[in-house]
Amino acid sequence: MAALGLLWAGVGAAAPDEVRTIRIGVDINAPPLSSGFVDGVPVPGQLPEGFTPALLREMQATGLVKFEISANFWAPTMKKFTTGQIDAVANVIMTDERRENMWYSIPHATLHAATYTRAGDPAITRKEQLAGKVMVMLKGTSSLLLAQKNNGWGASIVIEESWAKVLQRVRQGEGDIAVLTNLPPLKRTWDEEGLRRDFMEDIFYQFHIVVRRGDRDGLEQINAALAQVKYTGIYDELHDQ
């Protein structure tokens, strides 16, 4: 199913005529930031819920920006961005490669790394505890890129192709800990039995809204609205929810 453009209009203060509508992609399978589920299954075009959609509504209510939401999985969202079908993407972690063709907003969300260890083992919640451990990670994720950039913080890195295989490795004793960018998506086809879920106190990821390199007007509108939402305290209220 093709992504469905969803326009949030008429929310809060009226936007000036010169404020353009920014077509923004939002991942439907990235809880707790954003998810679009019907009967427990992510559906492209489903109006997403979560922290990021609520934040975008409040940003639009400032009158400084307008958004048209394109709700889909990550890969088709990024394809639409690179081909110019949308103007911006939310929930993006900064990398050196992405800097080449993206401009980043000020951070709009921060999440601590999610972890799984065996239930009977001591908790691992800080980087210093990773030395000498075997750390299982999901292929192609920002958490893996950060770990590789930091030489695993002293841990050996094992890479798997799916969430299920990552957790299976830890459960079977082939890894000491799984470190993930966020919690697995809500539609789970794997077993967490025998595993303990925690968060790393000192490994976290900052998420941004990105526009294509050169879109100065779009980035200025996004940053102005986001800054106002943070300044007025609305951002903290959303975060506390």
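Axes here are lines fitted to C-alpha atoms, for helices over the stretch in contact, and their angles run from 0 to 180 degrees between N-to-C directions. Keep that for later.

Now, what are we looking at? This is a predicted model, where local features need pLDDT of at least 70, side-chain atom pairs count only at pLDDT 80 or more, and totals for chains, interfaces and linings use all residues. Residues are numbered from 1 along each chain as its sequence is written, and side-chain values use heavy atoms, with hydrogens and water left out.

First, the overview. The chain has seven helices and 14 strands. Those are DSSP runs, numbered from the N terminus: H or I over at least four residues for helices, E over at least two for strands. Of the 241 residues, 48% are buried. Buried means under 20% relative accessible area, exposed means over 50%, and partly exposed is in between, with a 1.4 Å probe and protein chains only.

Next, contacts, meaning heavy atoms within 4.5 Å. Take those with a separation of 6 or more: 74% of them join residues 24 or more positions apart.

On to helix α1, residues 51-61. Why is α1 called largely enclosed by the rest of the structure? Because eight of its 11 residues are buried. Among them are Phe51, Pro53, Leu55 and Met59. Glycine 63 follows α1, with a positive phi near 80°.

Which helix does α1 cross at roughly 100°? It is α6, residues 216-231, and the two axes come within 9 Å. That makes α1 roughly perpendicular to α6, as angles of 65 to 115 degrees count that way. For the rest of the scale, under 35 is roughly parallel, over 145 is roughly antiparallel, and anything else is oblique.

Who meets whom there? Leu55, Glu58 and Met59 in α1 meet Ile222, Ala225, Leu226 and Val229 in α6. By class, that contact has six nonpolar residues, no polar and one charged. Nonpolar covers Ala, Val, Leu, Ile, Met, Phe, Trp, Tyr, Cys and Pro; charged covers Asp, Glu, Lys and Arg; the others, Gly among them, are polar.

Last topic: salt bridges. The structure holds 12. Each is a side-chain nitrogen of Lys or Arg within 4 Å of a carboxyl oxygen of Asp or Glu.

Look at arginine 23 and aspartate 87, which meet at 2.8 Å, N to O. Arginine 23 sits in strand β2 (21-27), and aspartate 87 sits in the loop between α2 (74-82) and β8 (88-93), 64 residues apart. Aspartate 87 is buried at 9%, while arginine 23 is partly exposed at 28%.

Aspartate 87 also meets arginine 212, at 3.7 Å, N to O. Arginine 212 lies in strand β14 (195-212), so this pair ties together parts 125 residues apart in sequence. Arginine 212 is partly exposed, at 27%.

One more pair: arginine 99 and aspartate 96, at 2.4 Å, N to O. They are three residues apart in helix α3 (96-99), about one helical turn.

Back to the shared partners. Salt bridges join Arg23, Asp87 and Arg212 into one network.
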